[in-house]
Amino acid sequence: MNQHKEQEVQALTLAEQGHFWVNIERRALDGASVACGQMFVQYQIPAQQRHPHPIVMVHGGGGQGLDYLGTPDGRPGWATWFLRQGYAVYVVDRPGHGRSPLHPDAMGAMTPLPSYEMISALFTAPAPAAWPQAAQASQWPGSGVPGDPALDQLMAGMGPMLADLKLSQSLMQSAGAALLDRIGPAILLTHSMGGPFGWLVADVRPELVKAIVAVEPLGPVFDEFAPGIGRLEWGLTAVPMQFDPPAVHPSELRTERRTAPGPGQVDCLLQAEPARLLPNLKDLPILVVTAEASLFAPFNHGAADFLLQAGAAAEHLRLEQVGIYGNGHMMMAEKNSDQIAQEIGRWLERCE
């Protein structure tokens, strides 16, 4: 394993570090009380804090906050990269993941464990014809198939998810709001199934969300990513958001299909015009980041288009358009993860 010995790294001096939980619910179970719905938060604050707002890093799918703490081949992760740029960093384990324990007696049914075969096929070693861009994948730090030590490291941290997508998103909204109530205004950096965290927290705490970096957020818009996980019936979320004019039922959001913007991409569903706005995301700086070879590459443009249509100040960064090639969905774990972080950092500085 590469333990980052090939270069000397300047010592990182912290002013403070620690952890806490938010959104702790006491629930009656078998004549006693148990904790559930909680979200674990780990934080580090650099001694030289050079940016006004901290970054809250939110993991995807069956992962946990450690997705940002280091890479599967032993290099520092995005949390350390942004700390070195002078950001305070808060890394969360969403409710039901990692150090925010999931037990079906307290929170409801959970999905099966993710398998090596599924993760390899989707994220680390896709078949060249699996989707139009899959053959370009080149940045996973190993073979990406069972037997790869880097894949072992990724799989060891993956677990089941809540089977109820609406409950999962409701919990991330309440937990995210509780976190910002405690720490104040922040930037939200989300990934994949953690993408709705950004939209939903901004919807209930618009004054506390200063920008969102959505790394391949859950999609496609108005659809489901895979059979059985639940539909995004409110566009980007499975649970309601505040629209203007108001919508009390998802059927009120009329849709139309927009033609794909380029080769290897697919048509996407958007709101039919005139589109309802998302008033709590109005003019909010949002960056949607899409990797060249990801399974999200064919449809991720729909998220940026939906946000623009709803009044957000959204931009879509396709990595290959800025000379970053070969990445898949787990880009923060791949060989050129620092290069991607640098691109995100440039955008954030323009937002300050």
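Helix H5 (residues 165-183) and helix H6 (residues 195-204) pack against each other at an angle of about 60 degrees, their axes 8 Å apart. Axes here are lines fitted to C-alpha atoms, for helices over the stretch in contact, and angles run from 0 to 180 degrees between N-to-C directions. The angle makes H5 oblique to H6; angles under 35 degrees count as roughly parallel, over 145 as roughly antiparallel, 65 to 115 as roughly perpendicular and the rest as oblique. The crossing of H5 and H6 is right-handed, meaning that the near helix is turned clockwise from the far one by less than a right angle.

On the H5 side, the residues that meet H6 are Gln-169, Met-172, Gln-173, Gly-176, Ala-177 and Leu-180. Their partners in H6 are Pro-196, Phe-197, Leu-200, Val-201 and Val-204, where contact means heavy atoms within 4.5 Å. By type, this contact has eight nonpolar residues, three polar and no charged. For this count, Ala, Val, Leu, Ile, Met, Phe, Trp, Tyr, Cys and Pro are nonpolar, Asp, Glu, Lys and Arg are charged, and the others, Gly among them, are polar.

## How to read this model

This is a predicted model, in which local features need pLDDT of at least 70 and side-chain atom pairs count only at pLDDT 80 or more, while totals for chains, interfaces and linings use all residues. Residues are numbered from 1 along each chain as its sequence is written, and side-chain values use heavy atoms, with hydrogens and water left out. Helices (H or I, at least four residues) and strands (E, at least two) are DSSP runs, numbered from the N terminus.

Helix H3 (residues 116-124) and helix H4 (residues 149-156) have axes that come within 11 Å and cross at roughly 110 degrees. That makes H3 roughly perpendicular to H4. Tyr-116, Ile-119, Ser-120 and Thr-124 in H3 meet Leu-151, Asp-152, Leu-154 and Met-155 in H4. The residues of this contact divide into five nonpolar, two polar and one charged.

## Helix H8 and its cover

Helix H8 covers residues 337-351, and its 15 residues should span 21 Å at 1.5 Å a residue; the end C-alpha atoms are 21 Å apart, which agrees. The expected span is 1.5 Å times one less than the number of residues.

Several residues of H8 are buried: Ser-337, Ile-340, Ala-341, Glu-343, Ile-344, Gly-345, Trp-347 and Leu-348. Buried means under 20% relative accessible area, exposed over 50%, and partly exposed in between (1.4 Å probe, protein chains only). Their cover includes helix H1 (78-84) and several strands, among them S5 (55-58), S7 (186-191) and S12 (313-318). Ser-337 has a relative accessible area of 0%. Leaving aside residues up to four places away in sequence, Ser-337 touches Thr-71, Arg-75, Trp-78, Met-331 and Met-332.

The bond from Asp-244 to Pro-245 is cis, with omega near -5 degrees, and Pro-245 lies in the loop between S8 and strand S9 (255-258). Another cis bond joins Glu-273 and Pro-274, with omega about 0 degrees; Pro-274 sits in the loop between strand S10 (268-271) and S11.

Asp-30 is not a glycine, yet has a positive phi of about 55 degrees. Asp-30 is in the loop between strand S2 (25-29) and strand S3 (32-36), and counts as exposed at 76% relative accessibility. Phe-222, also not a glycine, has a positive phi of about 60 degrees. Phe-222 is in the loop between S8 and S9 and counts as buried, at 8% relative accessibility.
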